[in-house]
Amino acid sequence: MRMPVKAQIFGQVYTIRGELDEAYVQKLADYVDEKMRAVASATSTVDTQRVAVLAALAIADELHGTRRDLGDREDLLREQAERCLTLVERALRQSA
């Protein structure tokens, strides 16, 4: 088990334990802190729990958008691969 990582998020210090690399944990904490500060600034909300929930929703929205975009790209790549395969099969039939 790795050493605990101390990370500051929205003015609070958290000790995070686990198997993840310290630099990666710090990067995640910085990202969450950035999102919470953006939400607090945009909503003028001072309730930390409310800010955390709104930031979590924003992060979840990003995740789902990324997954959707990845799925769209996979579908496009699959379609292009099928078209290429069809062209190759036609060319092989014509040359035979």
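Biologist: Leaving aside neighbours within four places in sequence, what is Arg37 in contact with?
Modeller: Arg37 is in contact with Phe10 and Gly11, once those close sequence neighbours are set aside. Keep in mind that this is a predicted model.

Biologist: Which helix is Arg37 found in?
Modeller: Arg37 sits in helix H1.

Biologist: And why does Arg37 count as partly exposed?
Modeller: Because its relative accessibility is 42%. Partly exposed lies between the buried limit, under 20%, and the exposed limit, over 50%.

Biologist: How far apart are Arg37 and Ala55 in space?
Modeller: They are 8.6 Å apart, C-alpha to C-alpha. In sequence, 18 residues separate Arg37 and Ala55.

Biologist: New topic. Where is Gln12?
Modeller: Gln12 is in strand E2, which covers residues 12–16.

Biologist: How many residues apart in sequence are Gln12 and Asp33?
Modeller: Gln12 and Asp33 are 21 residues apart. In space, their C-alpha atoms are 9.7 Å apart.

Biologist: Now the surface. Which residues make the nonpolar patch?
Modeller: Leu20, Tyr24 and Leu28 make it. The patch has an area of about 280 Å².

Biologist: Where is Tyr24 found?
Modeller: Tyr24 is in helix H1, which spans residues 22–43. Arg37 is found in helix H1 too.

Biologist: What does Tyr24 count as, by relative accessibility?
Modeller: Tyr24 is at 43%, so it counts as partly exposed. A patch residue needs over 30%, so Tyr24 passes that cut-off.

Note on methods
Residues numbered from 1 in each chain as written. Predicted model: local features only at pLDDT ≥ 70, side-chain atom pairs only at ≥ 80, totals over all residues. Heavy atoms only, no water. Patch = residues over 30% accessible without salt bridge, like charges linked within 9 Å, V, L, I, M, F, W, Y side chains within 5 Å. Areas by Shrake-Rupley, 256 points an atom, 1.4 Å probe, with all protein chains shown as cover. Salt bridge = Lys/Arg side-chain N within 4 Å of Asp/Glu carboxyl O. Helix = DSSP H or I, 4+ residues; strand = E, 2+ residues; numbered from the N terminus. Buried < 20%, exposed > 50% of the residue type's maximum accessible area, 1.4 Å probe, protein only. Contact = heavy atoms within 4.5 Å.
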